[in-house]
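Student: Please take me through how to read a few features of a model, giving the general idea before the particular case.

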Amino acid sequence: FGSAHLRTNEAVLFAHKMGDETCVSNGLRIDEINRHRLASWICEKMKEYDTTPAFASKQNRKHGSRDGYHLFLQTTAAKKVVDIQHKRALSTTEQPIPNGLDVKPSAKYGNALYAIRPFKRFDCILVEEPAGGIVPFEGTVHDEMSRDELHDTFRAQLDTFRSMPASTKERVLKMFSVPLEKKGQASGVHCRLREFAEDPLTREAFADLINTEHQFASTEISVLVQVPLIFLTNACEWQGQHALPIVGSLITHSCDANATRQVGSPSENQVEFIARRDIEAGELITIDYLGTQFWSRTQRRLYLVESKKFLCTCSRCSARDFEGATVCPECLPLSCREQGFCLPACVLDSPELSKEFGHIVMQSDEGAGWADWECTRCEKVFSNKDLELALPDGAPAKTYLGLSKYAEDLVKDVMYDSTCLSVDNASQLKKILQMTVGNNHWATKFLTLATLHATDEPKVVKECMEELWAWFEGWIHKPPVQYLGVKAVIDAACKLEKHGWKSEAHKYFTEAAANVPKYTPAFLYAMEGVHRCR
C-alpha cells in the first residue's frame, strides 16, 4: 500500500512475517485477521475521503469518482490477502505439499489431495510452477486432432521433458498415467502414439531419451510412450497451452467441483487452484477438467473417456439427471401429440399449460449403465424398456427413448463452439427440439445459449438470459454464473448496456462480480459495469 498505509496494515504484515508452522497452518485464522484489519482500513480511508475535500479531489483525479476510489480500495485489499495466500500455498522443492493440504489414498481415485483445514470461497489453495513450464500445442480434443497435429503435440511434450532437470524428470515419470492400449486394440490417440513412438524419425530425434536409464524405461520406446501418456492423463489444457502441475495432478475431477484452476496465474509460468466454494477440513479437493462447458452428462462422460480414459461417476453424473429431462409420455401420451411424437403447439406457446405436464428424469445410475426414470409430476417410474415406445414413420427416432439421443446428435456438431450458429439457425433448431423433447432438456437450453452468443438484439438477450437463469436456478438447482461462465454473463450485460437496458445489465454485472475473486480483472470490469448502470 505504501508507507502511508502501513499503520493500518501491521497485522497483515505481522501474520505473514511470523512464518512459523503454527501460524501458517492456521491460514484461515490469519486470513480472517487480515480481512478484518483491511475492512477497517477501507472504512478509515473512505471516512477520510468524505471529510477531507482536498483528499477526495486527489483521489477523484486518480480514480474518477467516489465509487472508483472505493473499488480501488476493495481490489487492493483483496490483492493483499491473496498475495499472502499465494506465498503460503506455493509448492516448492523443499515443501511440495503446502500447509493446509495433504495427500491421502481415496476409495475411487488412488492418491488424492485433501484439505486439512477449512478454505473460504475464492481462497488460494495451491500455486505451482508446472514441470517444464507452459507448453504451446495445437488443437483441443486429442481424438479430433489430425495425425500431424498429434505428432507435433507429442514432440513438444518430449522436448519439454528433455529440458527438465533430472530431479523433475524422476518426479514426472512417477506420475500416474493410463496404460497404453495393447497393439491391435489401440484406437484414437493411443494408436497414433504407438505409431509415433515406433517411427524411426522419432527414435532418431529423441535418441538421448531412449538411451537414458529411467525408472520406468523397461523397453527402448517406453519413455517416448510414457511421457505423452503422462501429459494426456494429467496436463491442463488452456488457450492453446499445456501445463503439467505435478502436485496439481493429484486433484481429482468432478463435474460439480469445489475448486477451479487458472493457468498463467498468479504469474505467467504458474498454475493456481482457487476454492470455488467454502471447503471443509477433510474434504477432497476437486476441479472440473472440462472447464466451463455447457454439456450433457453423456457428452461429459464421453469426452473424459476419450481424453482422460475414465468414466466419470462424480456426484453430478451419478445423481438424478434433470439436464436430460423430457416430457412424460404418461402425462402427455404419444397419441395426444402431433404426428405421434411432437408436443402440441398450444403446450409450447403457453407456459402455464406446459406446467400441467411432468418431465421424466433419469435416476442415479452410479456409472453402472442402468437407469430408471421418474416423472416429476405423476411420479410414475419407467424402465428403459418401458420407454422403447415405437414412434410412427417419419419421426426423427425409432422410439421415444431415442428422441433424447436425437436431440444430442442435433447439437453435437456445434457443441465445441456454439458461437458458429446464426440466430436464425439456432432458433430453428431450438424449435425442433422444443417440439420433440420439450423446454427442460439441456440441448434446448444449449441452443438458447447459442442464440445468446449470436444476437446483439437486447430483447432477445434479455429473454435468453432470463430463460437460462430460471432453468439453472429453478430446474437443475445450480448457480448460473458457474455453469454459463463469467465471460458469457459479462458479454450479455455489455450487450444490454450498449442498447440502454441498464437495469437488466446492472443485474448481470452484479452477478458476475459476485462470482469472481475481487483482485481479478473480471471483477474490476464487472464492477465498473455495475457503477455505470446504477
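Student: In which sense do strand β13 (residues 372-375) and β14 pair?

Tutor: In general, strands of a sheet pair through backbone hydrogen bonds, either parallel or antiparallel. In this case β13 (residues 372-375) and β14 pair in the antiparallel sense, over three bridges; two strands pair if DSSP finds at least two bridges between them, and the elements themselves are DSSP runs numbered from the N terminus, helices being H or I of at least four residues and strands E of at least two. Within this pair, D372 stands opposite S383 in β14. Keep in mind that this is a predicted model, in which local features need pLDDT of at least 70 and side-chain atom pairs count only at pLDDT 80 or more, while totals for chains, interfaces and linings use all residues. Residues are numbered from 1 along each chain as its sequence is written, and side-chain values use heavy atoms, with hydrogens and water left out.

Student: What is the order of the four strands in this open sheet?

Tutor: The order is β11-β12-β13-β14, with antiparallel pairing. The edge strands, each of which pairs on one side only, are β11 and β14 (381-383). From one strand to the next the twist averages 30°; axes are lines fitted to C-alpha atoms, for helices over the stretch in contact, and angles run from 0 to 180 degrees between N-to-C directions.

Student: Which strands make up the open sheet of three strands, and in what order?

Tutor: That sheet has the order β3-β9-β8 and is again antiparallel in its pairing. β3 (124-128) and β8 (259-263) are its edge strands, each pairing on one side only. Neighbouring strands of this sheet are turned by 15° against each other on average, direction ignored. Four bridges join β3 to β9 (residues 271-275), and along this pair L126 stands opposite F273 while V127 stands opposite E272. On the other pairing, β8 and β9 are linked over five bridges, and T260 has I274 as its bridge partner in β9.

Student: How many residues of β9 are buried?

Tutor: The general idea to start from is that in a regular strand the side chains alternate between the two faces of the sheet. In β9, five of its five residues are buried, where buried means under 20% relative accessible area, exposed over 50%, and partly exposed in between, with a 1.4 Å probe and protein chains only. Both faces are covered, with V271, F273 and A275 on one side and E272 and I274 on the other. Helix α5 (residues 66-89) lies across β3 and β9, running at about 60° to β3, and contact here means heavy atoms within 4.5 Å.

Student: How many salt bridges does the structure hold, and which residue does D67 pair with?

Tutor: Side chains of opposite charge can pair when their charged atoms come close. The structure holds 23 salt bridges, each being a side-chain nitrogen of Lys or Arg within 4 Å of a carboxyl oxygen of Asp or Glu. D67 forms one with R534, the closest N and O atoms being 2.8 Å apart. Because D67 lies in helix α5 and R534 in the segment after α22 (521-532), the pair ties together parts that are 467 residues apart in sequence. D67 is partly exposed at 26% relative accessibility, whereas R534 is exposed at 62%.

Student: Where do K430 and E467 lie?

Tutor: Their side chains meet in a salt bridge (2.8 Å, N to O). K430 belongs to helix α16 (residues 423-436) and E467 to helix α18 (residues 458-475), so this pair ties together parts that are 37 residues apart in sequence. K430 is buried at 13% relative accessibility, and E467 is partly exposed at 22%.

Student: What is the nearest side chain of opposite charge to R337?

Tutor: It is E330, 9.8 Å away, and R337 is buried yet has no salt bridge; for charge, Lys and Arg count as positive and Asp and Glu as negative, with His and the chain ends not counted. R337 lies in the loop between β11 (321-327) and α13 (345-349). The backbone oxygen of C328 lies 3.4 Å from a polar atom of the R337 side chain. Leaving aside residues up to four places away in sequence, R337 touches V327, C328, P329, L332, C342, L343 and Y400.

Technical notes: A polar contact is a pair of N or O atoms within 3.5 Å; within protein, one must be able to donate a hydrogen and the other to accept it, and residues adjacent in sequence count only if both atoms are side-chain atoms.
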